[in-house]
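Thanks for coming. I will go through one chain today, starting with the whole and then moving to single residues.

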Amino acid sequence: MKTRLTKRQINILLALSVLTVALAIGIFFLPHVWGNDDPYIPVVVPPHDRFREPREAKSEYLDWEITLGGSGEEEVVASFKLQNEIIIFGNTTSVDYDFYGTNASRDGSFFVMLLSNSGQPIAYRAHQGRLEQVVMVSEIREGFLLLINTDTESFIIETNLFATDLLENDLRRSENLRNVAHERIIYLYVDDWALEGDRTPSHLAPEVFHAVMEYRDPLDGFRRLRVAVLCRDLELRYERFFTSNQSVEFVAAFAQMGEFVLFGTLRGGFNSSRLIGFRWTREASVRNFTPTLMQGVQNFTLEAIIPAGHNEFASIIRHNDGTHRLVWFYNFFSATPRIIERDLSGSSSQSVRLFGGGQNRFYVFEVDITGNGILYRFNIDNMRTMDEVPLTVFNDLTAVDSVMSTNMGHGTTFIGRKNGFVTVIGTGSAGVTSSRFIEANDKRVDFIIREDQHLGGIILVGEISYRGPNATHHMGGTNVWLARMGL
């Protein structure tokens with residue numbers, strides 16, 4: 001007997017069939033809901049450890065390494081070894097990772113990092129402004145002087161030796177040093193008499209700190225300089241102005257033997273330029289203006305100058321054709337100065353750096369137009385090179401970033417870069433004593449810290465841009481990098 005469906009039953013079956021087809025179509029077009037082989041699972045990122053221990057380095061020459069900073073750009077300005085800590089100063093645009101929770105700003109801040117001798121971070125702080133220079137003044141009153149520029153101010157901050165003033169946000173600072181817009185503080189140096197106990201005559205104001213201020217005309221780039229003289233409490237006592245009908249471009253300033261000197265490039269029209277020097281003493285109420293025109297040279301730029309004895313200076317000048325020359329000045333400010341000149345490679349160069357240090361010697365490192373390096377070691381007594389032939393280990397270097405005297409000044413350690421490597425080269429009177437290569441992708445070492453005057457190793461402080469075997473952590477941009485090397 002056949003069972004016949006009623007009209008109502010047939011309609012129900014048709015509706016169920018349509019529903020089944022609709023569900024099948026929905027499941028087919030929604031694979032992420034049903035039957036997905038790789039379902040989305042939220043990942044919980046562990047919190048960043050700001051006080052982590054350093055990591056073991058891959059290089060056989062390094063004991064440990066650590067990367068510090070955030071996803072922005074970090075720049076190391078200075079680094080020092082304290083008794084049981086390492087302190088690092090610099091600038092950053094990061095607000096995350098190690099700078100999370102500080103006063104850091106994406107528009108830029110200066111920072112202080114305090115680490116243990118073993119490389120483990122202890123504290124981070126960041127403050128508004130751009131850090132230009134750090135001066136250690138433990139001979140006067142243990143601490144640091146920090147030169148800061150903001151959009152509206154220029155000032156000096158004083159901290160104690162451990163920078164706990166900064167860490168506690170209790171700052172001693174100078175009054176605003178800026179006189180006009182488009183002026184900024186660029187350099188600070190300390191009176192050499194103050195370092196030996198203040199021997200300033202009683203009738204004269206003490207000239208402890210000299211802050212060099214630079215004004216730059218926003219229309220034509222014209223520059224002028226002034227020196228703000230400050231007492232021990234960072235109070236402005238008086239000023240000295242260095243102006244001309246030409247632009248004065250600052251190069252260096254020194255205090256030595258009870259007098260003060262400042263050097264720059266005096267640049268005029270038609271790209272003409274000449275070396276200019278200023279000299280004054282405590283007794284002098286006005287400056288002695290002594291421009292020096294290089295004999296046989298019309299256009300050049302003074303790139304570096306260092307003292308090489310009383311009233312003697314070694315300098316590097318660059319000609320308009322890209323060639324460099326070493327110039328030695330005897331009795332620079334006298335009526336009859338003597339000048340000794342020496343060409344370097346004799347052809348256009350990419351860069352030249354001048355380094356002082358060591359026992360009666362200084363150094364010039366030149367990178368020629370093809371990218372090959374050469375190191376000249378000069379004897380201060382006679383300005384002759386110490387080596388009959390160039391030290392070939394320096395030939396492949398593309399830069400020398402830092403220099404440190406060793407062996408009580410009888411030796412020197414150089415740190416430079418070479419084809420993806422950081423190169424550490426030790427030298428002595430006889431030449432090269434050691435050479436070590438550390439794999440380093442976009443890494444440079446700006447500072448060398450000696451753990452102990454005679455024992456232990458050295459701490460390398462610099463910057464990295466990428467992760468690598470000896471920098472296994474990179475947070476973005478340019479980060480601070482530290483590593484320990486045994487000696």
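**The chain as a whole**

Of the 487 residues in this chain, 48% count as buried; buried means under 20% relative accessible area, exposed over 50%, and partly exposed in between, with a 1.4 Å probe and protein chains only. This is a predicted model, in which local features need pLDDT of at least 70 and side-chain atom pairs count only at pLDDT 80 or more, while totals for chains, interfaces and linings use all residues. Residues are numbered from 1 along each chain as its sequence is written, and side-chain values use heavy atoms, with hydrogens and water left out.

The secondary structure comes to three helices and 32 strands. These are DSSP runs numbered from the N terminus, helices (H or I) of at least four residues and strands (E) of at least two. Contact here means heavy atoms within 4.5 Å. Among contacts between residues at least 6 apart in sequence, 47% join residues at least 24 apart.

**Salt bridges**

A salt bridge is a side-chain nitrogen of Lys or Arg within 4 Å of a carboxyl oxygen of Asp or Glu. By this rule the count is 20.

Take Asp-98 and Arg-52: the closest N and O atoms of this salt bridge are 2.9 Å apart. The pair links distant parts of the chain, with Asp-98 in the loop between strand E4 (85–92) and E5, Arg-52 in the loop between helix H1 (7–28) and strand E1 (55–56), and 46 residues from one to the other. Are these two buried or exposed? Asp-98 is buried because its relative accessible area is 0%, and Arg-52 is buried at 9%.

Next, Arg-184 and Glu-214 meet through their side chains in a salt bridge of 3.4 Å, N to O. Arg-184 lies in strand E11 (residues 183–190) and Glu-214 in strand E12 (residues 209–216), so the pair ties together parts 30 residues apart in sequence. Arg-184 counts as partly exposed, at 36% relative accessibility, whereas Glu-214 is buried, at 5%.

**Ser-154**

Ser-154 is found in strand E9 (residues 154–160). With a relative accessible area of 0%, Ser-154 is buried. Leaving aside neighbours within four places in sequence, Ser-154 is in contact with residues including Asn-149, Arg-184 and Met-213. Its side chain makes a polar contact with the side chain of Asn-149 at 2.5 Å. A polar contact is a pair of N or O atoms within 3.5 Å; within protein, one must be able to donate a hydrogen and the other to accept it, and residues adjacent in sequence count only if both atoms are side-chain atoms.

**Gln-120**

Where is Gln-120? Gln-120 sits in the loop between strand E5 (109–116) and strand E6 (121–128). It counts as partly exposed because its relative accessibility is 27%. Not counting residues up to four places away in sequence, Gln-120 touches Phe-51, Arg-52, Glu-53, Pro-54 and Leu-115. Arg-52 is the salt-bridge partner of Asp-98. The side chain of Gln-120 also reaches the backbone oxygen of Phe-51, at 2.9 Å.

**Asp-387**

Last, Asp-387 is in the loop between strand E25 (373–379) and strand E26 (399–406). Asp-387 counts as buried, at 16% relative accessibility. Its side chain makes a polar contact of 2.9 Å with the side chain of Arg-377.
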